[in-house]
Amino acid sequence: MSAAFVAGLLAGYGIAIPVGAVGTYLVVLTARAGLRIGAYAALGVATADGLYALVAVLGGGTLIPVIDPIAVPLRWISLVVLLGLAVHIGLTGVRNYRASGKAEVTEPVAIGPVKAYVSLLGITLLNPTTVVYFAALVLGSKDMAAASGAEHVVFVLAAFAASASWQLFLAGGGAVLGKALTGRRGRLVTALASSALITVLGVRLIW
């Protein structure tokens with residue numbers, strides 16, 4: 001049981017720690033909307049990772065042949081979503097900067113906790129690499145391949161916990177940054193920088 005727990009933790013951190021477009025958006029969202037919203041968004045990302053870990057232990061070797069034919073369309077859909085997100089962030093930043101004049105912008109982003117959770121869950125689920133990653137780990141490990149149902153549950157829960165802890169860490173970083181980036185210029189700079197970075201990371205999905 002402990003082996004499954006450790007394997008789940010390592011798998012969860014392995015997929016969560018590389019900060020990509022979703023992680024960047026999570027930090028920026030928390031910096032602008034606050035830690036409470038960021039925490040819900042972080043749990044949305046972790047839920048997607050946990051669901052893919054569950055699918056991996058249940059589906060086993062049947063997953064990769066099913067995903068391979070649609071991996072490219074999924075990447076393009078993900079690219080479109082991320083580019084739309086990048087444009088929205090950039091335009092909103094410019095619009096707020098122009099509208100605020102010399103006044104300080106202190107109002108939080110108009111997004112509720114449920115919307116933050118569902119949005120990040122949906123964006124993360126669009127990444128087919130995650131389920132392939134978990135499936136490869138499960139299939140490549142003799143211990144996990146021969147594990148019992150209870151050990152598979154432990155693996156999934158540990159993967160979720162690892163991902164959640166890292167995403168919440170990123171959200172915490174965004175909350176700290178938010179104290180320094182709530183000014184008029186700070187919001188414009190972070191909006192444009194995150195828009196550009198998310199665009200680059202999104203385009204890399206198809207290469």
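Helix axes here are lines fitted to C-alpha atoms over the stretch in contact, and the angle between two of them runs from 0 to 180 degrees between N-to-C directions. The model on screen is predicted.

**Stop 1: helices α2 and α5**

Select residues 21–33, helix α2, together with residues 113–125, helix α5. The two pack at an angle of about 165°, and their axes are 11 Å apart. Angles over 145 degrees count as roughly antiparallel, so that is how α2 lies relative to α5. The crossing in which α2 passes α5 is right-handed.

Now show side chains at the interface. On the α2 side, pick V22, Y25 and L29; these meet A116, L120, I123 and T124 of α5.

**Stop 2: α5 alone**

Keep α5 and hide its partner. This helix has 13 residues, and the distance from its first C-alpha to its last is 18 Å, close to the 18 Å expected at 1.5 Å a residue. Colour its buried residues: P113, A116, L120, L121, I123 and T124. Among these, A116, L120, I123 and T124 were already picked out as meeting α2.

**Stop 3: helix α1**

Move to residues 2–16, helix α1. Its 15 residues should span 21 Å at 1.5 Å a residue, and its end C-alpha atoms are 21 Å apart, so the two values agree.

Which residues of α1 are buried? Select A4, G8, A11, G12 and A16. Because they cover an arc of only 115° around the axis, they sit on the same side of α1. As background, an α-helix has 3.6 residues a turn, so residues three or four places apart point the same way.

Turn to the face of α1 directed away from its buried side: S2, A3 and L10 are exposed there.

**Stop 4: S163**

Next select S163, which is in helix α8, residues 149–180. Is S163 buried or exposed? Its relative accessible area is 0%, and the cut-off for buried is under 20%, so S163 is buried.

Display what surrounds this residue. With neighbours within four places in sequence set aside, S163 is in contact with G12, A16, V45, A46 and D49. Two of these names come from the previous stop: G12 and A16 are among the buried residues of α1.

**Stop 5: L79**

Finish at L79 in helix α4, residues 63–100. L79 has a relative accessible area of 6% and is therefore buried.

Technical notes:
Residues are numbered from 1 along each chain as its sequence is written. This is a predicted model: local features need pLDDT of at least 70, side-chain atom pairs count only at pLDDT 80 or more; totals for chains, interfaces and linings use all residues. Side-chain values use heavy atoms; hydrogens and water are left out. Helices (H or I, at least four residues) and strands (E, at least two) are DSSP runs, numbered from the N terminus. The expected span of a helix is 1.5 Å times one less than its number of residues. Buried means under 20% relative accessible area, exposed over 50%, partly exposed in between (1.4 Å probe, protein chains only). The arc is that of the directions from the helix axis to the C-beta atoms. Angles under 35 degrees count as roughly parallel, over 145 as roughly antiparallel, 65 to 115 as roughly perpendicular and the rest as oblique. A crossing is left-handed if the near helix is turned anticlockwise from the far one by less than a right angle, and right-handed if clockwise. Contact means heavy atoms within 4.5 Å.
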